[in-house]
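Please look through the structure shown below before reading on, and keep it in view while the text leads from the chain as a whole to single residues.

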Amino acid sequence: MERPADLTPEQLSKPLRTGDLPGLMAALAPTIAECVAAQLKPLRARILELEKGGGVRYEGVWQAARSYSRGAWVTFDGGVFHCNADATRDRPASSSSWTLAIKAGGR
């Protein structure tokens with residue numbers, strides 16, 4: 001079977017024969033593989049970035065004397081907070097350094 005780019009409009013208008021399918025699939029497979037690889041590349045990079053932190057790092061109840069870094073999870077005033085800053089000593093809920101992940105019950 002000819003490569004798809006080499007087919008004339010008349011050839012393309014004819015129905016495919018069962019015998020043509022393996023050749024067609026072989027011709028299309030590299031293009032599909034390239035497309036999938038291109039789409040997966042940024043996702044793989046993002047997964048690696050997310051895994052750098054070593055997973056969830058629960059660091060207990062927030063303490064004013066400590067500095068927290070991006071990816072840390074703490075409890076404060078009954079809620080659970082995620083640290084968004086490279087480094088902070090801010091109290092959770094007082095700045096954009098923290099995001100409330102789980103709200104304290106009954107409030």
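**A walk through the chain**

The place of Ala93 is in the loop between E3 and E4, where helices (H or I, at least four residues) and strands (E, at least two) are DSSP runs numbered from the N terminus. This is a predicted model, in which local features need pLDDT of at least 70 and side-chain atom pairs count only at pLDDT 80 or more, while totals for chains, interfaces and linings use all residues. Residues are numbered from 1 along each chain as its sequence is written, and side-chain values use heavy atoms, with hydrogens and water left out.

Phi of Ala93 is near 75°, a positive value in a residue other than glycine. Ala93 counts as exposed, at 58% relative accessibility; here buried means under 20% relative accessible area, exposed means over 50%, and partly exposed lies in between (1.4 Å probe, protein chains only). A positive phi, of about 50°, is also found in Asp77, which is not a glycine. Asp77 sits in the loop between E2 and E3, and with a relative accessibility of 52% it counts as exposed.

Turning to the whole chain, the protein has two helices and four strands, and from the N terminus on these elements run α-α-β-β-β-β. The radius of gyration of the protein chain is 27 Å, well over the 13 Å that the globule rule gives for 107 residues, so the chain is more spread out than a compact globule. This radius is taken over C-alpha atoms, and the globule rule is 2.2 Å times the number of residues to the power 0.38. Along the principal axes, the C-alpha atoms of the chain fill a box of roughly 75 × 30 × 20 Å. Buried residues make up 19% of the 107 residues.

Which residues form the largest nonpolar core? This core has nine residues, namely Trp62, Tyr68, Ala72, Val74, Phe76, Phe81, Cys83, Ala85 and Trp98. Strand E2 (72-76) and strand E3 (79-83) are the elements that give two or more residues to this core, and E2 gives the most, with three residues. A nonpolar core is a set of buried Ala, Val, Leu, Ile, Met, Phe, Trp, Tyr and Cys residues joined through side-chain atoms within 4.5 Å. In soluble globular proteins, nonpolar side chains tend to be buried together.

One of the core residues is Val74. Leaving aside its neighbours within four places in sequence, Val74 is in contact (heavy atoms within 4.5 Å) with residues including Tyr58, Trp62, Tyr68, Phe81, Pro92 and Trp98.

The last stop is Leu100, which is found in strand E4 (residues 98-102). Is Leu100 buried or partly exposed? With a relative accessible area of 43%, Leu100 is partly exposed. Apart from its neighbours within four places in sequence, Leu100 is in contact with Gly79, Val80 and Phe81. Leu100 and Phe81 are 19 residues apart along the chain, and their C-alpha atoms are separated by 4.5 Å.
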